[in-house]
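Trainee: I would like to learn how to read a structure with two chains. Please take me through it feature by feature.

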Amino acid sequence: MLGIEGEVVTFILVTVPIYMAAFTLYAVRALKGPTIPDTVLAIDAMTYDLAAFLVVLAIFFRSPILIPTAIVLALWVYALDVYVAKYLEAREMGE
Amino acid sequence: MSSMAVPYPVDWILVIIGEVMVAVGVISDLIAAIGLLRFPNFFVRLHAATVGTIWGAFVPLIGAAFIAAGSEFLGMYRWFVAGGAVITAIFILILGPAGSHALARAAHRSKAAVVQPKVVDHLEEDEALLRSEEEGGSGGEEGSSGGEAP
């Protein structure tokens with residue numbers, strides 16, 4: 001039998017290509033989004049999923065240093081949302 | 001280390017629950033990406049993007065926490081990984097909807113994206129009403145500063 005380690009590693013190896021396909025599709029929408037909100041929305045969804053992917057990779061590579069990276073990534077992309085929303089509404093970034 | 005050879009049944013249960021949640025998350029992630037690519041305009045794409053945020057990021061993060069909690073091979077860092085995954089999941093649960101709501105509101109108010117399949121748009125009517133009221137109010141104040149007669 002595989003044991004827990006073999007099972008987890010095999011499962012993560014199966015999920016990685018699906019994640020890559022999803023990231024590619026998000027990147028296509030982010031690159032060709034006709035308006036600014038489309039681009040920001042695609043980057044937003046892609047980065048939240050990237051945070052989840054980083055946690056999965058932290059299990060795969062047994063390296064816990066990837067966990068703070070995921071938290072910081074989630075916080076920064078929320079900051080991107082708020083900045084772009086503020087810019088679109090008021091046409092300035094805040095004094 | 002001696003329990004590495006014979007894992008507890010509870011570890012198996014945690015790992016299998018976590019793998020089911022990560023699988024659901026990965027599949028809805030792909031569905032959200034396809035929807036984001038194929039939907040016609042911004043306000044319709046918002047539906048697909050929020051599917052990708054909650055089902056594609058929150059659920060697999062909780063699942064990764066379960067997997068990490070049941071993975072003996074991570075050693076002493078398994079609880080660190082599990083706790084970090086739960087904290088990231090809670091952040092995303094709060095910040096994701098707030099961010100897309102702010103973005104949608106800004107796109108509607110600045111008219112950066114059109115509301116295309118539109119049955120009724122109460123927000124636009126309210127804004128138009130508010131704007132006319134504001135203009136009328138400021139005009140009225142100017143008028144009242146001019147003369148308080150009536």
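Predicted model: local features only at pLDDT ≥ 70, side-chain atom pairs only at ≥ 80, totals over all residues.

Trainee: How do I describe two packed helices?

Mentor: Two packed helices are described by the angle between their axes and the distance between the axes. Axes are lines fitted to C-alpha atoms, for helices over the stretch in contact, and angles run from 0 to 180 degrees between N-to-C directions. Angles under 35 degrees count as roughly parallel, over 145 as roughly antiparallel, 65 to 115 as roughly perpendicular and the rest as oblique.
In chain B, the axes of α2(B) and α3(B) come within 7 Å and cross at roughly 170 degrees. That makes α2(B) roughly antiparallel to α3(B). The axes of α1(B) and α2(B) also come within 7 Å, crossing at roughly 160 degrees. α1(B) is thus roughly antiparallel to α2(B).
In chain A, α2(A) and α3(A) pack at about 170 degrees with axes 8 Å apart; they are therefore roughly antiparallel to each other.

Trainee: Which residue classes make up the contact of α2(A) with α3(A)?

Mentor: Ala, Val, Leu, Ile, Met, Phe, Trp, Tyr, Cys and Pro count as nonpolar, Asp, Glu, Lys and Arg as charged, and the others, Gly among them, as polar. The contact of α2(A) with α3(A) has 18 nonpolar, two polar and two charged residues.

Trainee: How many residues does each chain give to the contact between chains?

Mentor: Two residues are in contact if their C-beta atoms, placed from the backbone, lie within 7 Å. Chain A gives 46 residues and chain B gives 55. On the side of chain A that touches chain B, the elements giving two or more residues are α1 (3-32), α2 (36-61) and α3 (66-90) of chain A. The largest share of that side, 16 residues, comes from α2(A). By class, that side has 34 nonpolar, three polar and nine charged residues.

Trainee: Which residues have the most contacts inside the largest nonpolar core?

Mentor: In soluble globular proteins, nonpolar side chains tend to be buried together. A residue is buried if 20 or more other C-beta atoms lie within 10 Å of its own, exposed if 12 or fewer, and partly exposed in between. A nonpolar core is a set of buried Ala, Val, Leu, Ile, Met, Phe, Trp, Tyr and Cys residues joined through C-beta atoms within 7 Å.
The largest core here has 65 residues, and those with the most contacts inside it are A51(A), V55(A), L61(B), A64(B), A68(B) and I92(B). α2(A) gives the most to this core, with 16 residues. Leaving aside neighbours within four places in sequence, V55(A) is in contact with residues including I67(A), L61(B) and A64(B).

Trainee: Is A85(A) buried or exposed?

Mentor: A85(A) is buried, because 23 other C-beta atoms lie within 10 Å. A85(A) sits in helix α3 of chain A. Beyond its neighbours within four places in sequence, A85(A) is in contact with A102(B), L103(B), R105(B) and A106(B).

Conventions
Residues numbered from 1 in each chain as written. Chains lettered and ligands numbered in written order. Helix = DSSP H or I, 4+ residues; strand = E, 2+ residues; numbered from the N terminus.
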